[in-house]
Amino acid sequence: MEFLNNEKLTIVGAAGMIGSNMAQTAMMMHLTPNICLYDPYAPALEGVAEELRHCAFEGVNLTFTSDIEQALSGASYIVSSGGAARKAGMTREDLLKGNAKIAEELGKNIRAYCPDVKHVVVVFNPADITGLITLLYSGLKPSQVSTLAALDSTRLRSELAKYFKISPDKIVNSRTYGGHGEQMAVYASTTTVDGTPLSQLIGTDKLPEKDWEELKTKVIQGGKNIIDLRGRSSFQSPAYLSIEMIAAAMGGKPFTWPVGTYVDNDRFKHIMMAMETTITKDGVTYKPMSGTKEEEKDLEKSYEHLCKLRDEVIELGVLPRIADWHKLNPNID
């Protein structure tokens, strides 16, 4: 059996629905034969491992443990969904306090047990903030930590395909930027629909302005809709996309959907947010993007919202003040 590489991939939170689906997806994609599952809840973790063994995947050396040192030691890649799940009536931001502490612990454990890890994907919400905390405490470079934000852009793709009754493949370059939350910025100016710029369709009989606004709301509320329909938060889509991110970091096909990345430039300061990104074996990089005045205004609002969440974490004592971040992580200027 041929694998993408032979390095250790550790899946944190593997007893949960996202984590267990990530493990299965990684095996189905033949990323590496060296997969370790970690979760503090040992009985459910063993159950996941047993089920995966029953799948009879060839060539996989599957291990599992509730010992974080054992799980992380020697890991080259980590993907973590190891936070509390979002429940009905909750926003991603409602999860902030508890998951911020989990992210702090994850970062510290990475620093202690696998400081040479190549890439870490953070999935648990609010991912922009938990990813930032993980980055700071891990001591890793900004290019080595990314967060799941692509799900918002793929939801935009889905909603447009349903609205126009065409194949999703004919929706090209659908994009959301900023926060992975209620304040995301949904862009129309980047997207084409069966070869036609989306911005040329909005306000016409093909896509009245009112319908576009409703469609954007569906994208923003995409996670809530899954909870309403299924009685639990999304797990298949975040599992698949996060493993695609790890596959790119392992040297597979570059991942070109927007992901959360650390940004500190003339416009956005000391924040983790979705940008126009690419993940390769060299890590995550981003490039400047621009939209309409309204889109840029929405992106600024999203950034301001993320800053408030970041500052709240600082007030909680989970993070030091920004001026001291470089002391915590020398790779942060």
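Reader: How many salt bridges does the count come to?
Author: This is a predicted model. A pair counts when a side-chain nitrogen of Lys or Arg is within 4 Å of a carboxyl oxygen of Asp or Glu. By this rule, the total is 16 salt bridges.

Reader: How many residues apart in sequence are the parts tied together by lysine 118 and glutamate 7?
Author: The closest N and O atoms of this salt bridge are 2.8 Å apart. Lysine 118 sits in the loop between helix H4 (96-113) and strand E5 (119-122), and glutamate 7 in the segment before strand E1 (9-12), so the pair links parts whose separation in sequence is 111 residues.

Reader: Is lysine 118 buried, partly exposed or exposed?
Author: Buried means under 20% relative accessible area, and exposed means over 50%. Lysine 118 has 42% relative accessibility, so its class is partly exposed.

Reader: In which helix do glutamate 50 and arginine 53 lie?
Author: Their side chains meet in a salt bridge, 3.4 Å from N to O. The two residues are 3 apart, about one turn of the helix, and that helix is H2 (residues 42-54).

Reader: Which residues are linked with Lys101 in a network of salt bridges?
Author: This is a network of salt bridges. Besides Lys101, its members are Glu104 and Lys108.

Conventions:
Residues are numbered from 1 along each chain as its sequence is written. This is a predicted model: local features need pLDDT of at least 70, side-chain atom pairs count only at pLDDT 80 or more; totals for chains, interfaces and linings use all residues. Side-chain values use heavy atoms; hydrogens and water are left out. Helices (H or I, at least four residues) and strands (E, at least two) are DSSP runs, numbered from the N terminus. Buried means under 20% relative accessible area, exposed over 50%, partly exposed in between (1.4 Å probe, protein chains only).
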